[in-house]
Amino acid sequence: MSATIVAIANQKGGVGKTTTVVNVATAMAAVGKKTLLIDLDPQGNASSGFGFSSVSSAPGTYQVILGEMALESIVQNTEIPNLSLLTASPDLSAIELEMVLLERREYFLQKALESVVTRYDFIFIDCPPALGLLTLNALTAAHKILIPLQCEYYALEGLSQLLRTITRIKQKLNPELAIWGIVLTMFDARSALSEHVAKDVRQFLGESVLDAVIPRNVRIAESPSHGKPALLYDVDCQGSRAYIKLVAELLRKME
Ligand code: ATP
Ligand code: MG
């Protein structure tokens, strides 16, 4: 076994990165894939989404990236079988500055993952909303990128910049990086704008836009405050069902 490493990235804030990674990782674990989720965002939303404090001083991603601790020694079990979590520690917010003068600073995460890739089927990385050194580390370590795109008016503008960044990373740091898919999030079926944006995005980006669409759903919005993925909080809600469809589609794309 050698893990497929997946970065969930979009430098735009609040587009559904964390919600997507938390639920996709949960669904993968539920179908029996050994899964690791890495919280690479100093905000720690993926950690708190599983009920772990995002302000605790427990060692986490920071120590692993800097090689101060082995990932195996601090990874946490979640209440979901097959799903482990590397929590974000608040000191992660300083790591970009600390790394900036170090050599090969884009490769730290890749290096930290080398020793665990044989233990998992999937390693998902929740990126912060910026194209800084943390996201660069994720995209350098990853085989695939999954891009959540919110169905709103300016969705495509930020995306062009992200696509240019991906092209540059493929040329310079990681030729293997491929787009697994772009997933439309917070789709509001009652809104003409949502429909319009979805149509535009599909026209502009074609094949890479996934068929599964994540609706705006109140159960999804509620679930983090209970420290649970939506899939555990209410597996039957529209949002959870959409995430299950998404994961089925993603797995089909890998066959
Ligand atoms: P950031 O850039 O800050 O890391 P993000 O891209 O990770 O944000 P999320 O945290 O997943 O985005 O989502 C932003 C907010 O929208 C959260 O409060 C989340 O609960 C809510 N949200 C995400 N997806 C949905 C959805 N499908 N329906 C309703 N609310 C949603
Ligand atoms: Mg997030």
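## A walk through the fold and its sheet

Contacts between residues 24 or more positions apart make up 79% of those in the protein chain with a separation of 6 or more; a contact means heavy atoms within 4.5 Å. This is a predicted model, in which local features need pLDDT of at least 70, side-chain atom pairs count only at pLDDT 80 or more, and totals for chains, interfaces and linings use all residues. Residues are numbered from 1 along each chain as its sequence is written, chains are lettered from A and ligands numbered from 1 in the order in which they are written, and side-chain values use heavy atoms, with hydrogens and water left out.

Start with the whole chain. The protein chain has 255 residues, for which a compact globule would have a radius of gyration near 18 Å; the value here is 17 Å, which agrees. That radius is taken over C-alpha atoms, and the globule rule is 2.2 Å times the number of residues to the power 0.38. The C-alpha trace spans about 50 × 40 × 35 Å along its principal axes. Of the 255 residues, 52% count as buried, meaning under 20% relative accessible area with a 1.4 Å probe, protein chains only.

Now the secondary structure. The protein chain holds 12 helices and eight strands. These are DSSP runs, numbered from the N terminus: helices are H or I with at least four residues, strands are E with at least two.

Eight strands form an open sheet with mixed pairing, in the order S3-S4-S2-S5-S1-S6-S7-S8. Two strands pair if DSSP finds at least two bridges between them. S3 (76-77) and S8 (209-215) each have a single partner strand, so one side of each is left without a neighbour in the sheet.

S1 (residues 4-8) runs parallel to S6, joined by three bridges. Here Val6 has Lys144 of S6 as its bridge partner. S6 and S7 are also parallel, with seven bridges. Pro148 is partnered by Val183 in S7. S7 (residues 178-187) then pairs with S8 in the parallel sense over three bridges. In that pair, Leu184 has Val213 of S8 as its bridge partner.

Look closely at S6. In a regular strand the side chains alternate between the two faces of the sheet. How many of the seven residues of S6 (residues 144-150) are buried? Seven of seven are. Lys144, Leu146, Pro148 and Gln150 lie on one side, with Ile145, Ile147 and Leu149 on the other, and both faces are covered.

Conventions. Buried < 20%, exposed > 50% of the residue type's maximum accessible area, 1.4 Å probe, protein only.
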